[in-house]
Amino acid sequence: MKIETIAIHAGNTIDEHSKAAIQPITLSTTFERGEDGGYPGGFMYSRADNPNRKSLENVIAKLEGAEEAAAFSSGNAAGGAVFQALGPGAHIIAPDDMYHGLRNQLLQIFNGIIEVDFIDLSNLADVKNAIKTDTKLIWIETPSNPQLKVCDIKAITDIAKEHGIMVVCDNTFSTPMLQRPLELGCDLVMHSTTKYLGGHSDVIGGALATRENNDFWKKIKNVQVLSGAVPAPFDCYMTVRGIKTLPYRMRAHTENAGLVANFLDSHELVEKVFYPGLKDHPGHEIAKKQMSSFGGMLSFLVKGGSDEARKVVNSVKIFTQATSLGGVESLIEHRASIEGPDTKTPQNLIRVSVGLENSEDLIEDLNQALGQINKN
């Protein structure tokens with residue numbers, strides 16, 4: 001099946017009793033045992049597995065070309081399961097502008113348990129130099145959040161294989177519609193399903209997908225079941241429903257983002273635009289090689305500092321000033337202020353999740369908001 005068909009059908013099961021065309025929500029926490037003490041329906045307890053979660057994991061696995069997938073209650077829970085499965089003493093290489101939620105998890109929750117070096121993954125020499133004897137994992141995020149750096153997935157996985165190191169790719173910004181990390185050599189793919197997969201800013205979730213059902217994957221599944229950070233049946237149902245339109249939504253997100261990026265790139269009050277679809281983006285050629293299109297996320301630097309950036313985000317009419325991304329509505333925010341005092345993000349950076357509104361309306365809104373910079 002092609003990916004549009006997978007998105008619609010791989011997460012759905014016809015109910016064998018009612019013949020409902022859309023799989024119902026199974027809210028039961030527990031399931032009846034058979035006379036022999038077994039579980040004839042295939043389910044024991046919803047922390048361990050649930051029909052709706054099984055459907056969600058199936059469609060994500062199929063979309064990513066994975067052997068299996070595991071759903072979690074958030075993207076941070078999914079990332080944390082990888083770190084827990086590594087165990088104490090492991091060394092991780094991660095991007096220098098890694099998503100701040102996972103960065104803080106490594107620095108605060110796993111401090112003293114896991115060693116991590118944050119480097120510029122777009123520099124392959126830096127990647128090679130960062131490898132130690134106890135390096136177990138390279139964490140890729142491409143395009144990165146929020147500066148949309150692009151790293152060469154295939155080149156990094158080739159380096160990792162030489163040293164027996166696993167590679168995980170956070171594919172949240174791209175989704176399997178635009179980028180296929182497992183096909184480029186990654187061992188695992190991670191998603192915050194809260195974002196594009198759910199697509200409507202109304203459900204929190206995360207997921208991992210694996211190229212192989214190996215011993216490390218079994219550890220992750222064990223963490224999933226024993227830690228219990230799993231999505232509720234209703235959350236799974238909502239995410240599956242969102243995925244059905246994912247291929248078509250991503251095309252529109254990408255089209256709109258390209259138009260907005262080009263507008264911003266030519267605006268006199270914009271210092272720089274971070275969007276891999278722009279030809280002057282340093283990762284443009286690599287993005288062309290490993291992505292089918294460039295996605296719906298962009299960031300830009302206004303001329304000035306924090307005050308000017310805040311004036312812009314406070315002046316929009318159609319964009320919503322809010323954290324998160326990937327919904328049908330366009331979101332905008334002054335990113336450094338959400339990341340805290342230790343942020344590496346420039347104070348004049350604005351992150352934009354370009355939604356599915358009319359692109360002319362979005363451009364007009366940004367134009368008038370930028371126009372407020374020089375007004376008293």
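On a 1 Å grid over the protein atoms alone, a cavity is a set of points where a 1.4 Å probe fits but cannot get out, and a pocket is an open set with protein on both sides within 12 Å along at least five of seven lines; a lining residue has an atom within 4 Å of a point. Grid points are joined across faces, edges and corners, and a volume is the space filled by probe spheres set on the points.

The model is predicted: local features need pLDDT of at least 70, side-chain atom pairs count only at pLDDT 80 or more, and totals for chains, interfaces and linings use all residues. Residues are numbered from 1 along each chain as its sequence is written, and side-chain values use heavy atoms, with hydrogens and water left out.

**Domains**

The chain is assigned domain 1 (3-241) and domain 2 (247-372), with bounds that come from an automatic or database domain assignment. Their C-alpha centres are 26 Å apart. Across the boundary, 31 residues of domain 1 are in contact (heavy atoms within 4.5 Å) with 39 residues of domain 2.

**Cavities and pockets**

The whole structure holds 3 cavities of 30 Å³ or more. In its class counts, Ala, Val, Leu, Ile, Met, Phe, Trp, Tyr, Cys and Pro are nonpolar, Asp, Glu, Lys and Arg are charged, and the others, Gly among them, are polar.

| Space | Volume | Lining by class |
|---|---|---|
| Largest cavity | about 60 Å³ | 5 nonpolar, 2 polar, 5 charged |
| Second largest cavity | about 50 Å³ | 7 nonpolar, 3 polar, no charged |
| Largest pocket | about 330 Å³ | 6 nonpolar, 11 polar, 5 charged |
| Second largest pocket | about 290 Å³ | 5 nonpolar, 8 polar, 6 charged |

The lining of the largest cavity includes Pro-95, Asp-96, Asp-97, Glu-141, Lys-149 and Cys-151. Around the second largest cavity are residues including Pro-143, Leu-148, Phe-173, Leu-178, Met-291 and Phe-294. Each of domain 1 (3-241) and domain 2 (247-372) supplies at least three residues to the lining of this second largest cavity.

Of the 22 residues that line the largest pocket, Asn-76, Tyr-99, Asn-145, Ser-192 and Lys-195 lie nearest its centre.

**Nonpolar cores**

A nonpolar core is a set of buried Ala, Val, Leu, Ile, Met, Phe, Trp, Tyr and Cys residues joined through side-chain atoms within 4.5 Å. Buried means under 20% relative accessible area, exposed over 50%, and partly exposed in between (1.4 Å probe, protein chains only).

The largest core has 48 residues, of which Leu-56, Ile-60, Leu-121, Ile-138, Ile-140 and Ile-243 touch the most other members. Helix H2 (residues 51-64) contributes the largest share of this core, 5 residues. Both domain 1 (3-241) and domain 2 (247-372) give residues to this core, so it lies between them. Apart from it lies another core, of 31 residues, including Val-150, Ile-332, Ile-350 and Val-352.

Not counting residues up to four places away in sequence, Ile-140 touches Leu-121, Cys-151, Ile-153, Ile-156, Val-167, Val-168, Cys-169 and Asp-170.

**Backbone and loops**

The loop between strand E4 (135-141) and helix H6 (153-162) holds Pro-143, and Pro-146 is also placed between E4 and H6. The peptide bond from Thr-142 to Pro-143 is cis, with omega near -10°. The bond from Asn-145 to Pro-146 is cis, with omega near 15°.

Two residues other than glycine have positive phi: Lys-19, near 65°, and Ser-324, near 100°. Lys-19 is in the loop between H1 and H2 and counts as exposed because its relative accessibility is 57%. Ser-324 lies in the loop between strand E10 (320-321) and strand E11 (331-334) and is partly exposed, at 22%.

Ala-20 is in the loop between helix H1 (3-9) and H2, and it counts as partly exposed at 26% relative accessibility.

Notes: Helix = DSSP H or I, 4+ residues; strand = E, 2+ residues; numbered from the N terminus.
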